[in-house]
Amino acid sequence: MRPPRLAGEAVAGALMTLPAAIAYLLLLLLPTLATALLAFTDYELGAPDLGWIGLGNFQEMLADRGFGVSVRNTLVYVGLVTPVSILGGLGLALLVEAGAKGRAFFRAVFFLPVVSLTAAMAAAWQYLLHPTIGPVNAALRAMGVGTPFWLSSSDTVLLSLAAIGVWESIGFNMVLFMAGLTAIPRELYAAAEVDGARSGFDRFRLVTWPLLGPTTLFVLTISMIRSLRVFDTVAVLTQGGPNKASEVLLFTMYQQGFTYLRLGYSAAITLVFLAVVLALMWLQTRVLDRRVHYS
Amino acid sequence: MRARLPILGLLGALVLMPYLWMVAASLKPASEIFRASLSLWPEHLAIAENYGRVLSRVPVLLYLWNGIVVCGGILLFQLLFAVPAGYALAKLRFPGRSLAFGAVMLGLLVPPHVPALPLYVAASGLGLLDSYTALIAPFAISVFAIFLFRQFFSALPDDLLHAARLDGMGEWAIVWRVVLPNAWPAATAFAIFSVVSHWNDLFWPLIVVQGHAHATPALGVLQFRSEEAGDDFGAMMAAAVLMTLPLVLAFLLAQRRFVEGIATTGLKG
């Protein structure tokens with residue numbers, strides 16, 4: 001009885017993975033490899049032929065001040081959004097979970113930006129932050145404080161985009177932390193209290209924070225990768241401006257590839273982006289292997 | 001924590017601020033918006049004017065319909081590819097299984113922006129730009145879906161499958177009639193994740209779509225802003241409200257599922 005079923009099983013298994021394997025090959029693997037190859041060429045869309053230029057694109061990147069600005073802006077954006085949205089998300093998760101009253105309501109409120117159309121909400125932010133008719137500056141005027149130009153000044157544009165980024169992702173992080181919090185056994189808090197951890201802060205320090213270690217590391221990686229991908233708000237609100245002050249990695253990649261049709265150079269930028277994402281994931285698994293085990 | 005509710009209320013109001021002002025501005029006449037008063041409630045309602053201008057100038061319903069077609073199409077193909085593959089990887093022994101699983105794990109590392117350039121060249125070469133095919137095809141395969149279903153199906157009891165086989169069911173019948181009905185929790189979680197991310201996606205539609213005919217809601221907002229609105233914030237906010245509403249309503253109706261869906265699939269970022 002057994003051998004025929006095994007053969008049948010092998011055939012069924014291969015047939016069931018075949019459609020996915022073909023789609024994977026055509027839509028993911030080959031295009032990704034093609035991007036990697038394009039990065040070493042001077043291919044431009046519509047050009048009759050392409051030439052192998054080795055590391056030429058990467059050398060151009062190093063020499064290009066615009067690209068340097070783009071990398072710096074991306075790092076500043078990630079550096080602003082990640083810590084604020086993680087600490088904020090953790091704070092909100094603790095606060096919402098601390099009582100039963102209003103829990104579902106506030107969870108929904110803070111999560112709302114995650115499911116809202118980013119492009120549309122960016123337009124709402126544009127109105128909110130409008131230098132003259134925006135409610136934010138109207139409130140500042142009423143208080144007699146200075147009124148910044150937010151999205152149209154190179155001093156404040158990254159800060160404004162980062163604030164929108166935090167608003168967008170804080171509820172997402174909160175939900176991930178909530179899942180981590182519910183996994184902590186209640187008895188541990190009782191045990192800590194018996195052992196003298198009287199204040200809420202002591203219980204957080206001794207139980208919650210160490211046990212949330214893996215969750216926090218996970219949220220950290222996700223947050224960094226998500227904010228590294230910032231594109232929508234830039235495309236809708238600033239187009240990289242004013243004067244390249246909000247030029248970020250994916251927007252530069254988009255402009256080089258799809259506005260200037262310099263596909264080779266754009267592919268090289270894509271590879272840099274991929275390398276950073278992979279490095280973050282690698283770092284996460286390394287740290288996870290070593291440190292975040294409950295001590 | 002007696003201060004819990006007041007603090008939450010304050011922070012909640014802060015998070016809701018953009019929504020409140022967006023809706024308020026969509027109800028106000030231009031003169032009131034330009035006065036920049038701090039009152040949310042309009043003195044004169046201009047609902048008909050603002051929403052009327054949006055509906056008459058851009059095909060809002062078409063944008064929404066495009067969003068539904070694209071998200072529905074993507075989800076359908078993702079499930080068609082991923083459910084059988086996930087089942088085979090979880091429960092069947094066949095040559096190349098570990099290779100296939102390795103390929104899935106590798107695919108999880110690649111953000112969707114990476115294959116975009118060659119896919120654009122291919123779509124352009126095949127004359128597929130500005131079509132539903134160009135919007136749907138690149139996302140038809142989701143390694144994340146395969147991974148998720150594989151994990152979920154691994155936990156299904158083998159006895160269930162043995163019983164079905166003893167009843168004379170083939171493996172394909174088992175997938176659609178035994179495994180899939182048991183996969184609803186994973187399938188809804190993935191469906192929510194997939195629809196939310198593709199409804200909101202601007203990057204790919206911006207690349208492959210020109211004009212209104214195949215524009216998704218995200219692209220529609222952008223087009224309306226650059227072509228029509230200018231300083232017409234009332235109409236702009238009305239457009240933003242109309243495009244944001246469908247998914248927000250779905251979320252409010254099934255918020256527990258949404259939160260769980262995003263939390264369990266959160267690892268994809």
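**Figure 1. Residues 75-96 of chain A in the predicted model.** The span comprising residues 75-96 of chain A is 100% helix and 0% strand, and its end C-alpha atoms lie 31 Å apart. The model shown here and in the following views is predicted. Residues 75-96 belong to a set of spans that UniProt, in an unreviewed entry, annotates as "transmembrane region" in chain A; the others are 12-40, 108-128, 157-185, 206-225 and 263-283.

**Figure 2. The annotated domain of chain A.** The unreviewed UniProt entry lists "domain: ABC transmembrane type-1" at residues 71-284 of chain A. In the predicted model, residues 71-284 of chain A are 76% helix and 0% strand. The end C-alpha atoms of this span are separated by 22 Å.

**Figure 3. Packing of helix 4 against helix 7 in chain A.** Helix 4 (residues 103-115) and helix 7 (residues 157-182) of chain A have axes that come within 7 Å and cross at roughly 120°. Because angles of 65 to 115 degrees count as roughly perpendicular and those over 145 as roughly antiparallel, helix 4 and helix 7 of chain A are classed as oblique to each other. The crossing of helix 4 of chain A past helix 7 of chain A is left-handed. On the side of helix 4 of chain A, the contact is formed by Phe110(A), Phe111(A), Leu112(A), Pro113(A) and Val114(A). Helix 7 of chain A contributes Trp167(A), Glu168(A), Ile170(A), Gly171(A), Phe172(A), Met174(A) and Val175(A).

**Figure 4. Packing of helix 3 against helix 7 in chain A.** Helix 3 (residues 65-97) of chain A packs on helix 7 of chain A at an angle of about 40°, and the two axes are 6 Å apart. Helix 3 and helix 7 of chain A are therefore oblique to each other. Helix 3 of chain A passes helix 7 of chain A in a right-handed crossing, whereas the crossing of helix 4 of chain A with helix 7 of chain A is left-handed.

**Figure 5. Surroundings of Trp150(A).** Trp150(A) is located in the loop between helix 6 (135-142) and helix 7 of chain A. Although Trp150(A) is not a glycine, its phi is positive, at about 40°. Trp150(A) counts as buried because 23 C-beta neighbours lie inside 10 Å. Apart from residues up to four places away in sequence, Trp150(A) touches Leu129(A), Pro131(A), Thr156(A) and Ser160(A). Gly66(A) is 84 residues away from Trp150(A) in sequence, and their C-alpha atoms are 22 Å apart.

**Figure 6. Leu288(A) in helix 13 of chain A.** Leu288(A) is part of helix 13 (residues 263-290) of chain A. Its 15 C-beta neighbours inside 10 Å place Leu288(A) in the partly exposed class. Leu217(A) is 71 residues from Leu288(A) in sequence, with a C-alpha to C-alpha distance of 7.7 Å.

**Figure 7. Met237(B) and the largest nonpolar core.** The largest nonpolar core contains 162 residues. The members that touch the most other members are Ala124(A), Ile146(B), Phe149(B), Val221(B), Met237(B), Ala239(B) and Ala240(B). When neighbours within four places in sequence are left aside, the contacts of Met237(B) are Ala124(A) and Tyr127(A) in chain A and Met22(B), Ala25(B) and Ser26(B) in chain B.

Figure 8. For chain B, the unreviewed UniProt entry places "transmembrane region" at residues 63-87, 99-120, 132-153, 174-196 and 233-254. Residues 63-87 of chain B are 100% helix and 0% strand, with end C-alpha atoms 36 Å apart. Residues 132-153 of chain B are 73% helix and 0% strand, and the corresponding end-to-end distance is 32 Å.

Figure 9. Asp130(B) occupies the loop between helix 6 (116-125) and helix 7 (132-136) of chain B. Asp130(B), which is not a glycine, has a positive phi of about 60°. With 16 C-beta neighbours inside 10 Å, Asp130(B) is classed as partly exposed. Ala191(B) lies in helix 11 (residues 184-200) of chain B. Ala191(B) is also partly exposed, having 19 other C-beta atoms within 10 Å. The C-alpha atoms of Ala191(B) and Leu20(B) are 29 Å apart, and 171 residues separate the two in sequence.

Note on methods. Residues numbered from 1 in each chain as written. Chains lettered and ligands numbered in written order. Predicted model: local features only at pLDDT ≥ 70, side-chain atom pairs only at ≥ 80, totals over all residues. Core = buried A, V, L, I, M, F, W, Y, C linked by C-beta atoms within 7 Å. Buried ≥ 20, exposed ≤ 12 C-beta atoms within 10 Å, placed from the backbone. Contact = placed C-beta atoms within 7 Å. UniProt positions renumbered as here; feature names shortened; annotations may be inferred. Helix = DSSP H or I, 4+ residues; strand = E, 2+ residues; numbered from the N terminus. Axes fitted to C-alpha atoms, helices over the stretch in contact; angles between N-to-C directions. Parallel < 35°, antiparallel > 145°, perpendicular 65-115°, else oblique. Left-handed = near helix turned anticlockwise from the far one by under 90°.
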